[in-house]
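Reader: I am new to this structure. Please show me how to read its features.

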Amino acid sequence: CNANEEANQDTETKIVSVSNQNKKVDRVIGQARIEPEQKLAALTASVNGIVKTIHIAENDIVKKETILLTLVHEIETAKIEQNRAKAITAQANIKAKRAEADEWQVQLSNKEKELNRLISLFKSGSETQQKVDNIETEVNVLKVQHQKALANLEIAESELNEWNKEYLVLKGELNQRFIKAPVDGKILTISTAEGNAISTTNSVIDFAPTGNLIAKVEIDELYA
């Protein structure tokens, strides 16, 4: 029996055969309540807010993760847009810092080659010590500049990481503005309307998971 049928049906008569104190009982009449094997779910919002859109109607059959209700989320969306704009700026900054570091690396590499050439000439007596010392000083200056550029690049990358971490938090806050179906199932009742304020403590949708139905029967304890 599938939960796509009415989750709550009128009471039914159930007939069973039982034996009590060596006396055979052919029929027992009791009150039965038909309900899903998986318990009915009272869906609530994760945060307080104003209902913006109700996407479903009572008795609708929905799939897991279907958006059922949306809360007003303009502020959350604006925060995400602002975050992404800063992330784009950070990416551009990283690109510039990396190009700067690469440029210093090229200059350093060329100057080190020049220094090595002068050292060879100096050893053969074709160059002066002063010339070697001057180029060596330039090499050391370039090393410092290159290290600074690498440090600035690391800072820029760290800033982007922070924006990305913040984005995950903001995305989570935005997702809380949507009530989704926890599993496949059926919408039984909707107890709110668009424009209404709701809180985390109030059920807004009664939901019946898809699955088998069971009958809960009440009979006289004499026959239990």
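Author: Start with charge pairing. Side chains of opposite charge can pair when their charged atoms come close. Here the side chains of E76 and R177 meet in a salt bridge, 3.3 Å from N to O. A salt bridge means a side-chain nitrogen of Lys or Arg within 4 Å of a carboxyl oxygen of Asp or Glu. The pair links distant parts of the chain, 101 residues apart: E76 lies in helix α1, R177 in the loop between α2 and β8. Helices (H or I, at least four residues) and strands (E, at least two) are DSSP runs, numbered from the N terminus.

Author: A word on the source. This is a predicted model: local features need pLDDT of at least 70, side-chain atom pairs count only at pLDDT 80 or more, and totals for chains, interfaces and linings use all residues. Residues are numbered from 1 along each chain as its sequence is written, and side-chain values use heavy atoms, without hydrogens and water.

Reader: Is E76 buried or exposed?

Author: Buried means under 20% relative accessible area, exposed over 50%, partly exposed in between (1.4 Å probe, protein chains only). E76 has 14%, so E76 is buried. R177 is buried too, at 16%.

Reader: How many salt bridges does the structure hold?

Author: It holds 6. One of them joins K111 and E138, 2.8 Å from N to O. K111 is in helix α1 and E138 in helix α2, 27 residues apart. K111 is buried, at 18%. E138, at 34%, counts as partly exposed. Salt bridges with shared partners join K111, E114 and E138 into one network.
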